[in-house]
Amino acid sequence: MSKAKRKRLILNLATFALIIGAYFILQSMVDAKTISRSLKGQLIPICAWIMMAVSLNLVIGFSGELSLGHAGFMSVGAFTGAIVSGWILNANADMDPTLRFIIAVAAAGVIAGIAGLLIGIPVLRLRGDYLAIVTLAFGEIIRSVINVCYFGVSDGSLYFSFLNKKMPEGVTMLVDGAKGALKITRISTFTAGFILVLITLVVVMNLVNSRAGRAIQATRDNRIAAESMGVSVMKYKMMAFVTAAVLAGMAGALFSLNTTTVVPGQFTFNQSINVLVFVVLGGLGNILGSVVAAVFLTVLPEVLREFADYRMLVYAVVLILVMICTNNPLVKYVFRRAFSPVTRLFRKNGPNAARGGGRV
Amino acid sequence: MAFLDNLINGVSLGSIYAIIALGYTMVYGIAKMLNFAHGDVIMVGAYIAYVGMQMWGLPAPLAIVISMAVCTVLGITIEGLAYRPLRRAASLAVLITAIGMSYLLQNLALMIWGANSRVYPETFINSTTIRLGELTISISAVITIVVSAVIMIGLTLFTNRTRMGKAMRCVSEDRGAAELMGINVNRTISVTFAIGSALAAIAGVLLCSTYPVLQPTTGSMPGIKAFTAAVFGGIGSIPGAMLGGVLLGVIEIFGKAYISTELGDAIVFVVLIIVLLVRPTGLLGKPVREKV
């Protein structure tokens, strides 16, 4: 096994170990009721945000395309999940909630994937900032369209109307335009969220480390060179984009089935930006980084609750400072000099390695 | 006459978008960055003018001048503190910094002025209407269009005729070469931010005079729309931003009037996507040739 391969394997195993460990600790805390209420309420959203961050990292970090509309796919998934779950409940109330959850999440993934495919065809023809603005535009279009969609259910059949609310008598509304999806039954569980996170990680890590994943990264590093080596740029960029859309859709279903109502206004451009911040702070192309950043930045505002008035201000300042500290050559140099005695200790060959002093 | 009414409203809204888009496109052309905080500078400008008129009782023109001055200083400060250290960094890092700056401005405004939305005072521009036969035109629409036209002509003259304008075009063409020719790149970028932010203050007042609700998030949606307008016209191109802004405003108003009120925003974005598919660098953008 080559050195790089071994390093990657260790990193991947560490990611899984961390997540599985965190799950068991948190689950036992939930069972023993030692967990704070606010944190307990955050567990499932955290899982959803991890899925969002990891899937967006696939698009931005590995395929190299800046997408500003990722929340749109989450929105598609959230509403699909709510509709499918409500429809099944109406048609067959005896169905096991777990099975209903699985069907709803799968349907959300499929519909979001189709949306990803349809949006990917025009989007991936563009480059750079133009691509970014078009993904932003699609995110806003999805939001506006869901705002004027009406879904109702009655005796096991689904009713749909667009723009105007035209429903026969006695229909239970599932999605009521701008009021969003109503009366969702809460069937998401932390375990389900944990399993979905694991699925996300397995899918993304396997994709990235496969032949297709190498092709995806090649199109990122040099599109023309990849194309001239016979890599179909469109195909592989599409693969990354659609996979990310499917995962985001599933995250959306997990998120919406954890609440009683979701409104289209929850999945705006700002939400896409939040996920983008997770990805950039965690490191482009670094999956563990995305997970940690998603957890940390979701919990942080809750912890800062006592500074309620200042927390977004602090968040903004921290964001700017982190970006300057990690990207300004001068600041980086100062940091490296300041920490060099520390980092030298952790080098593989001991403190004298830098001076060529051999093993200690 | 509804058609003409809508057209005038559309051009008026579009002129505001165009003024904001000018700020985006100039900064993009020269510093090669998407300044997401630009929309929030508009909001700050509107608040300062509000404070000037409502609390200090200043006449509207003076309040607007003060607001422009404050925004100019704000723009230069933002550039110097947050963007200048990242001049050679990856574009995504700069983008995130700009987003952080946008959050910062919004939350500062929230702390200073509170979350309650304010009803914008009657500046010298709204309230009255002119009647032309069956057509009723609000003064605010006329003034918005005239002000925008003046700004556009002034800016075109500035970039084409002055030394600084020449330096700006030069930096936007090739920063390295400009530096070698003795142009002070940092100062040129500062001036660009100053002009963009002063325009943002005017846009803020015009926007709030037409849609008189002011709150800390007022700037974000017009900001996104104006950014769209800049891309629509070809980002980096000044005439493109003007054309894109006006077209976007007209499309939005017509979409809302004739297709669906709720889908107005969606229609704008659909048109943008169609335009970009036909012309991938916008209406007036220069096609970029790829070199191997």
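Axes are lines fitted to C-alpha atoms, for helices over the stretch in contact, and angles between N-to-C directions run from 0 to 180 degrees. Helices (H or I, at least four residues) and strands (E, at least two) are DSSP runs, numbered from the N terminus. The model is predicted: local features need pLDDT of at least 70 and side-chain atom pairs count only at pLDDT 80 or more, whereas totals for chains, interfaces and linings use all residues. Residues are numbered from 1 along each chain as its sequence is written, and chains are lettered from A and ligands numbered from 1 in the order in which they are written.

In chain A, helix 7 (residues 211-221) and helix 9 (residues 233-256) pack with their axes 9 Å apart, at an angle of about 110°. Helix 7 of chain A is therefore roughly perpendicular to helix 9 of chain A (65 to 115 degrees; angles under 35 count as roughly parallel, over 145 as roughly antiparallel and the rest as oblique). With contact defined as C-beta atoms, placed from the backbone, within 7 Å, A:A212, A:A215, A:I216 and A:T219 of helix 7 meet A:V233, A:Y236, A:K237, A:M239 and A:A240 of helix 9. The residues of this contact divide into seven nonpolar, one polar and one charged. Here Ala, Val, Leu, Ile, Met, Phe, Trp, Tyr, Cys and Pro count as nonpolar, Asp, Glu, Lys and Arg as charged, and the others, Gly among them, as polar.

Helix 1 of chain A (residues 3-31) has 29 residues and spans 42 Å from its first C-alpha to its last, close to the expected 42 Å (1.5 Å times one less than the number of residues). Of these 29 residues the number buried is one, so helix 1 of chain A lies largely in the open. A residue is buried if 20 or more other C-beta atoms lie within 10 Å of its own, exposed if 12 or fewer, and partly exposed in between, with C-beta atoms placed from the backbone. After helix 1 of chain A comes A:K33, which has a positive phi near 55°. The axes of helix 1 and helix 6 (residues 190-208) of chain A come within 11 Å and cross at roughly 175°, which makes the two helices roughly antiparallel. Residues of helix 1 in this contact include A:F16, A:I19 and A:Y23, and those of helix 6 include A:F194, A:V197 and A:L201. By class, the contact has nine nonpolar, three polar and no charged residues.

Chain A also holds an open sheet of three strands in the order 2-1-3, with antiparallel pairing (two strands pair if DSSP finds at least two bridges between them). Strand 2 (157-162) and strand 3 (172-176) of chain A are at the edges with a single partner strand each, so one side of each has no neighbour in the sheet. From one strand to the next, the twist averages 20°. Strand 1 (residues 149-154) and strand 3 of chain A run antiparallel and are joined by four bridges; A:F151 has A:V175 in strand 3 as its bridge partner. Helix 3 (residues 70-91) of chain A packs on the sheet and touches strand 1, strand 2 and strand 3, its direction making about 175° with that of strand 3.

In chain B, strand 2 (residues 129-132) and strand 3 (residues 135-138) run antiparallel, joined by four bridges. They form a hairpin with two residues between them, and B:G133 in the turn has a positive phi of about 65°.

The contact between the chains takes 34 residues from chain A and 39 residues from chain B. Helix 4 of chain B gives the largest share of the chain B side, 12 residues.

How values were computed
Two residues are in contact if their C-beta atoms, placed from the backbone, lie within 7 Å.
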